Amino acid sequence: RLHYKGDRRYGQPKAYAFFNIKLPQATFGTSITPRTAAIERLYKASLGDALNEYVYDAAVAGLGVSLELTPKAARLSFSGYSDKLTAFVDTMARTIAAHRPDDPQKLARFKDQISRDLKAFDTQQPYQHAAFYNAFYTSFPAFLPSDVLRELETVTVRDVELFSESVWSSGFGEVLVQGNVLEEEARAMVKSVELALNFTELKISDQARTDVYEIPLSPKSMGSVIRTKEPNVADANSAAMVQFQHRDQDLSQQMALEALASIIEQPFYKELRTKQQLGYIVSSGVKVQRDVRSLVFTVQSSVADAVYLTDKIFAFVDAFATELDAQSEEEINGYIAALVEQKMQKITRLSDETLRNWAEIVEGKYEYDRALIEAKATKELNKKFLLKVWSQVVVEGGSQRRVLTSQVFTQADTKSLSKVTAPLPFGATLLTDAPAFRRSATGIIAQKGNAPPIPPQQFGGWV
């Protein structure tokens with residue numbers, strides 16, 4: 001499916017061609033294993049090495065190419081001067097299709113590079129580990145780096161070669177060509193990739209899918225709790241991350257959470273960083289997964305353990321309802337107006353508009369005026385509605401309160417480490433088995449838009 005938009009606004013001799021080739025569920029999506037994840041990394045490294053032969057000369061000529069393998073799709077991105085882009089896409093597509101990893105020495109080098117990347121997980125900061133385990137429990141595919149590393153060691157050249165022969169065997173391509181190119185040039189780019197990869201069409205029911213899960217209802221305490229030891233034994237920091245997930249996908253509800261995040265950001269930082277001086281890493285914000293937003297609070301500290309940090313996050317959240325209620329309508333409306341202004345900010349670059357449109361296509365939403373829709377919903381918010389959402393989603397006893405707490409305990413301090421086994425408060429549930437949690441959880445289904453018809457469409461924007 002080709003989406004085409006010629007440039008009538010920016011007047012630049014440039015264009016972008018983005019390909020999202022959906023891959024089969026039989027091998028990708030939720031069927032991925034640590035072994036296939038390791039093979040996929042090696043194939044990507046090998047293909048990237050082969051493309052490097054062209055990358056420097058292409059960059060000198062003002063052209064660029066990149067490849068990303070996601071759990072659901074292979075994404076090819078081409079950019080540069082429009083008069084050279086069609087031929088460049090053709091050359092790169094044929095190179096990608098013909099690539100077969102067959103050099104054991106290169107494979108050993110790629111293994112070493114990937115092994116280092118996987119082992120580097122242990123030296124990341126504790127707050128990053130807290131975020132990792134949050135995602136590890138609430139989405140799939142997701143694997144421990146140690147599991148992928150274990151499989152990586154036994155992968156052979158033949159394994160990667162077989163993968164390269166099968167990865168393009170079937171798929172469904174969705175393409176965005178935007179910029180200073182004609183429709184026939186856009187069609188020619190698509191034709192080049194079709195002829196080179198030569199995959200059979202993949203039915204919708206056979207396309208790879210991934211899972212994102214609901215956090216269980218948690219009317220009391222700190223909800224579902226993940227506790228892990230900081231893998232870097234020399235790191236003196238502990239961390240806590242608390243996520244309040246708002247499951248209601250109604251746009252007004254979701255925009256309310258964005259408004260609340262903007263209101264709470266500075267007070268949270270001021271209280272835990274400036275006043276309590278718990279650590280240099282203190283943040284709050286919004287996490288979005290399939291139209292579902294969450295308020296996320298993160299603190300990392302070398303002077304307090306993960307239990308103490310968690311208690312302070314909840315203490316702040318519990319007290320903030322009073323502070324929110326004390327703010328005037330004018331103050332609240334100021335935050336709302338600022339958020340509306342942010343969403344209505346005019347796009348001034350071809351690259352930014354193209355990426356915005358591409359995000360809609362990849363997610364299957366096709367709402368090219370999303371910013372306008374969200375701004376309109378945000379403008380209709382008011383203090384009373386925000387207080388209602390806060391009481392339902394964040395305050396203890398709320399009817400829609402879903403909480404996931406991720407704690408990371410330093411091993412550099414025995415007193416702090418001993419709390420990893422401390423009893424949880426009443427109402428909290430300790431999570432120890434990610435696969436079991438996922439099996440029992442309810443999946444979140446994204447709201448899809450109406451896909452345009454197969455012929456090229458002039459779509460979106462304010463052209």
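This report looks at helix packing and a few lysines in a predicted model.

## Helices α2 and α7

Start with α2, residues 82–98. Its partner here is helix α7, residues 183–197. The two axes come within 8 Å and cross at roughly 10°. Angles under 35 degrees count as roughly parallel, so α2 is roughly parallel to α7.

Which residues of α2 make the contact? They are L85, T86, V89, D90, A93, R94, I96 and A97. From α7 come E185, A188, M189, S192, V193, A196 and L197. By class, the contact has 10 nonpolar, two polar and three charged residues.

An α-helix has 3.6 residues a turn, so residues three or four places apart point the same way. Look for that spacing in the lists above.

## Helices α8 and α10

Now take α8 (residues 251–275) and α10 (residues 329–343). They pack at an angle of about 115°, and their axes are 10 Å apart. Angles of 65 to 115 degrees count as roughly perpendicular, and α8 and α10 are therefore roughly perpendicular to each other. The crossing of α8 past α10 is right-handed.

On the α8 side, the residues are M255, E258, A259, S262 and I263. They meet I332, Y335, L339 and K343 of α10. This contact has six nonpolar, one polar and two charged residues.

## Helix α13

Helix α13 spans residues 383–393. Its buried residues are K383, L386, V389, W390, Q392 and V393. What do they pack against? Two strands are on the list: β10 (238–246) and β12 (292–301). The helices are α8, α9 (306–326) and α10.

The N-terminal end of α13 has a cap, N382. A side-chain oxygen of N382 lies 3.2 Å from the backbone nitrogen of K384.

## Two lysines: buried or exposed?

K5 is found in strand β1, residues 2–6. Its relative accessible area is 3%. Buried means under 20%, so K5 is buried. The K5 side chain makes a polar contact with the side chain of E353, at 2.6 Å.

K84 is found in helix α2. Its relative accessible area is 37%, so K84 is partly exposed. Setting aside residues up to four places away in sequence, K84 touches A61 and L63. How far is K84 from E353? The two are 269 residues apart in sequence and 21 Å apart in space, C-alpha to C-alpha.

How values were computed:
Residues numbered from 1 in each chain as written. Predicted model: local features only at pLDDT ≥ 70, side-chain atom pairs only at ≥ 80, totals over all residues. Heavy atoms only, no water. Axes fitted to C-alpha atoms, helices over the stretch in contact; angles between N-to-C directions. Helix = DSSP H or I, 4+ residues; strand = E, 2+ residues; numbered from the N terminus. Parallel < 35°, antiparallel > 145°, perpendicular 65-115°, else oblique. Left-handed = near helix turned anticlockwise from the far one by under 90°. Contact = heavy atoms within 4.5 Å. Nonpolar A, V, L, I, M, F, W, Y, C, P; charged D, E, K, R; others polar. Buried < 20%, exposed > 50% of the residue type's maximum accessible area, 1.4 Å probe, protein only. Polar contact = N/O pair within 3.5 Å; in protein donor to acceptor, adjacent residues only side chain to side chain.
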